[in-house]
Amino acid sequence: MRRPSAAGSTGSRAPRPRAEQAEQLGFEGMPERLFVCTPSKLGAYADCPRRYRYAYVDRPAPPKGPPWAHNSLGASVHTALKNWYALAPDRRRPEMLGTLLKGTWVREGYRDDEQERDAFRRALTWLESYVAGLDPTDEPVGVERVVAVKTAVLAFNGRTDRIDSRPGPDGRPELVIVDYKTGRTGLDTDDARGSQALALYAYAAERVFRKPCRRVELHHLPTGTVAAHEHTPESLHRQLTRAEDTARDIMAAERAVADGTDPDAAFPTEPGPRCGWCDYRRTCPTGAQIPGKEPWSAVERFADPD
């Protein structure tokens with residue numbers, strides 16, 4: 001007659017330790033999850049960890065403030081340019097812009113009808129001036145095109161305003177990232193060079209299309225100026241490393257909150273001038289102490305923006 005084992009009367013073996021079970025199942029040493037992100041998600045944390053928390057961590061998310069007129073203006077112009085490129089080349093004429101802009105116009109955030117009408121006229125002037133310098137027969141590689149790439153840390157995706165194909169120094173085609181700007185003036189080469197978003201777009205586009213993509217451009221429609229920078233593989237890698245470091249910081253803060261750390265300590269505020277423009281100023285104890293901007297403020301003083 002078989003004797004019961006020491007583990008119990010059923011004769012079964014003692015249960016394996018959890019670590020041993022994980023190793024046996026192949027879980028030991030598995031890579032951590034990738035951080036899924038967009039440029040705006042990374043930028044939110046870089047600007048203010050507390051704002052990132054309100055937007056991406058807290059659920060339900062705190063209520064946002066009212067919509068901003070300058071965001072409405074920018075979105076309207078961007079969509080009008082997207083629809084301009086959607087037209088057949090023989091229809092890409094300046095006289096089409098009024099209809100396109102009217103069809104995409106976002107009305108939110110303006111002080112009154114007079115300010116909104118003035119903004120519409122201004123935007124139409126920008127568009128007419130801008131497309132006058134474009135060849136309507138040129139077909140971009142992408143318009144409002146999503147590019148995506150994975151690294152050891154990131155699962156990045158972002159929507160580019162435009163991707164052009166132009167001859168490189170050796171005559172072979174290279175990709176160029178074009179980003180439309182309708183906000184502050186004074187953009188220069190340093191802005192293009194320092195833009196993490198543009199660098200990540202270039203890094204991702206190069207891998208999606210399998211063509212070199214090193215040049216990034218900021219097209220400022222109100223002034224008709226272009227701020228550009230030529231990246232190197234090394235400079236793109238530096239920007240990618242910065243983005244991965246930010247992602248690690250975010251994931252560490254999220255883990256800390258999950259383990260019981262005070263969310264305010266894990267996601268501290270970065271008080272400054274941006275607080276007046278923050279969507280969550282009324283929720284944030286620090287931001288609430290700083291005078292807020294009116295939703296139409298940036299449009300009202302657009303002739304001399306910060």
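Student: Arg274, is that buried or exposed?
Tutor: Arg274 counts as exposed, at 57% relative accessibility. Exposed means over 50% relative accessible area, buried under 20%, and partly exposed in between (1.4 Å probe, protein chains only). This is a predicted model, where local features need pLDDT of at least 70, side-chain atom pairs count only at pLDDT 80 or more, and totals for chains, interfaces and linings use all residues. Residues are numbered from 1 along each chain as its sequence is written, and side-chain values use heavy atoms, with hydrogens and water left out.

Student: What does the side chain of Arg274 meet in a salt bridge?
Tutor: The side chain of Asp47, at 3.7 Å, N to O. A salt bridge is a side-chain nitrogen of Lys or Arg within 4 Å of a carboxyl oxygen of Asp or Glu.

Student: Where do Asp47 and Arg274 lie?
Tutor: Asp47 lies in helix H2 (residues 39-47), and Arg274 in the loop between helix H10 (263-266) and helix H11 (297-300), so the pair ties together parts 227 residues apart in sequence. Helices here are DSSP runs (H or I, at least four residues), numbered from the N terminus.

Student: And Asp47, buried or partly exposed?
Tutor: Asp47 is partly exposed, at 26% relative accessibility.

Student: Other topic. How many salt bridges does the structure hold?
Tutor: The structure holds 22. One of them joins Asp245 and Arg248, at 3.2 Å, N to O.

Student: How far apart are Asp245 and Arg248 in helix H9?
Tutor: Three residues, so about one helical turn separates them; helix H9 covers residues 233-258. Elsewhere, salt bridges that share partners join Arg162, Asp164, Arg166, Arg215, Glu217 and Glu230 into one network.

Key: Helix = DSSP H or I, 4+ residues; strand = E, 2+ residues; numbered from the N terminus.
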